Amino acid sequence: MLLESIKLHNFRQYKDTSLDFAQDIQGKNVTIIIGENGSGKTTFLQSFFWCLYGITNFKDQVVLNKDEAYNMTPETPRDVYVELKLKHGDNQYTITRKQKFKKDNSNNVKADGNSVCEIVKKDSTGNDSFIEATKREMTINSILRNELARYFFFDGERIETMGKEISGYKKTEEFAEAVEGLLGLKGMQKAIEHLNGGPKNSVIGKYNQQYDSSSDSEVKRLTDIITDCDDKIYSMEKRIDEIESENKKAEEIKYNKQEELKEYQSSKELQEEKEKFEKEIKSENLNKADAQKDICREFNIQSTSFLSAGLIKPAFDILVKLKISGSDIPNITDKTIQYLIDHKRCLCGTCLSEGSAELEEVKKWFEVLPPKSIGNMVNDFKMTARTRLNALNDFIAFRDQKLAKIGECDDQITNAEDYIHNNIDPKLNGSDVEEIVRTISSKISECERTIKKNNQDRSELDRNIGGTKKERESAENQRKELALKNKANRQIEIYKAYAGQIFDKLLNKYNESEKEVRARLENNMNEIFKTINNGDLTVHINNKYQIDVIANNVNGKVETSEGQSISVIFSFITSMIKMSRENRLSSDKDKQELSSDIYPLVMDAPLSKFDKKHIKAVCETIPHLTEQVVIFIKDTDGDLAKEYMSDKIGKSHHFRKISETETVLE
């Protein structure tokens, strides 16, 4: 997407204004527009949003020029329109949004219906075509989606707000979505969801509903179980998403309130002390969870010994006392004894007559000779039993050690919670603190209760999901065996297997690509951030797209200044644009897959929060990151911008304010 020109008619203070943009001819890709404060720079930037999406940030939604509104009558309505010409891919688009306004008999000016968007597309052969009304919104979103537009059309105030959001871990999901959308990951994500994104509408989900159960009631029963499990899992996972969203919102509110609370000196030390105990509670909960995991892991290894100990131990104790070993005769079996009895004579020649003491003595050998081989079997059993009992004793000792650790963690957690409850919260909420502080602290406690309850619900949901997945897996395996008996069902199994393999490969590809993109984004951000700041600071992005600024000399997170926070978000936006460009121009096919179209960088007052040294760094960096840059800048910074970007400026304009209701472009 490259901007060619824009025309405004009766749009707020612009009665008839048109502007052409630099097109990167001979390396000149910067358009600079200078104007004093209040001349209408922000209004001009908002005209892009109104033209593309029919929205603005103005409190007064009547965008009609005030002079025209004053002079119009009920019989003479007025039109407002913005016409934007741009290139996207191989096509040129002329996008025009119009809005008619009328005045009633009470001199109230109102919009006459909704605004109307018209789009003309000129293809690479020069043929024009009108986009149908039902496809216009989709066409604009294919060029630049509304939720991504704010990363390319933004003002200094917006950068400042986003900087604060980043430093407070707020709206990180929006930053993640921006990366996915601009750097080619969104397509893979959609494909993954299409293959296995739900129990009913995904490819695999639909296959699960297509089994032929007309000739086999068991297939129907198992399919019903699987469908029911899928619905339950989907519902529980949806609730988990809701919990995460609620927790993020509660964490954000809590963070804001904690920051607000710190402003009050009377509660600052108490709040910091509470946060220290909360960190201790969090740490002990992690230690407790690790100990529980260790017990479960060791139990999985020793489960057989543990569960059979009640049978093995009594038998072992009895057999240890018996002197069975050595009572059998090598190579003699019960058949040998039976032979002697049948022939009524022992090997020694003694007669074994019926009822004789000699015969009874010989019969005793049946108890110890093979096939039982009592002595050998007892010895083997005792050795195995001793090994298992020793292992069990080791597990019990290990378990007791971990349980003691869990008990210590619980004690630490209880002590910390009691101290907060008894010594901190009453003072924060008590009569010795101002009313506003009590209100803030109450809100923080409410957020904490919400988060705690949600986490308890989350744990319960995780357990239920695990149990339901096991039930589903069992039913799936049984149905798979039955499916082999039916030709149609065998075919479904094959289709599902193919879809499953594609899903697994695509998911692995997505995970690898996302990790690689995040690493490149971090490297690019650091390169740009250090160019602007010239400091010993490093930007780090975790897998949730939470951005920290690390002091290299202490290797720890630092609280950023306003200028540094703005530098972070500025680096974030420009890095995404730079990476998209690198992917697009790369010879690497994998990187080409992670590319998007060309996008301009349109900024209102981006330099207002920087000093002269940083302005120079920003001006020297921006033109090299993307193919087109448009800067609205106040007159006091205009000379500096011209000085530092002189070789990159292709178009230069100046706003001249004629009155409060009219500005012209020179």
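At what angle do helix H18 (residues 612-621) and helix H19 (residues 635-645) pack, and how far apart are their axes? The model shown is predicted, so local features need pLDDT of at least 70 and side-chain atom pairs count only at pLDDT 80 or more, while totals for chains, interfaces and linings use all residues. Residues are numbered from 1 along each chain as its sequence is written, and side-chain values use heavy atoms, with hydrogens and water left out.

**View 1. Helices H18 and H19 pack at an angle of about 45 degrees, with their axes 9 Å apart.** Axes are lines fitted to C-alpha atoms, for helices over the stretch in contact, and angles run from 0 to 180 degrees between N-to-C directions. The contact (heavy atoms within 4.5 Å) joins Lys612, Ile615, Lys616, Cys619 and Glu620 of H18 to Asp637, Leu640, Ala641, Tyr644 and Met645 of H19.

**View 2. Helix H15 (residues 487-533) has 47 residues.** At 1.5 Å a residue (the expected span is 1.5 Å times one less than the number of residues), H15 should span 69 Å, which agrees with the 68 Å between its end C-alpha atoms. At the start of H15, the backbone nitrogen of Ala488 lies within 2.9 Å of a side-chain oxygen of Asn486.

**View 3. The axes of H15 and H18 cross at roughly 140 degrees and come within 7 Å.** On the H15 side, the contact is made by Ile528, Thr531, Ile532 and Asn533, and on the H18 side by His614, Ala617, Val618 and Thr621.

Methods. Helix = DSSP H or I, 4+ residues; strand = E, 2+ residues; numbered from the N terminus. Polar contact = N/O pair within 3.5 Å; in protein donor to acceptor, adjacent residues only side chain to side chain.
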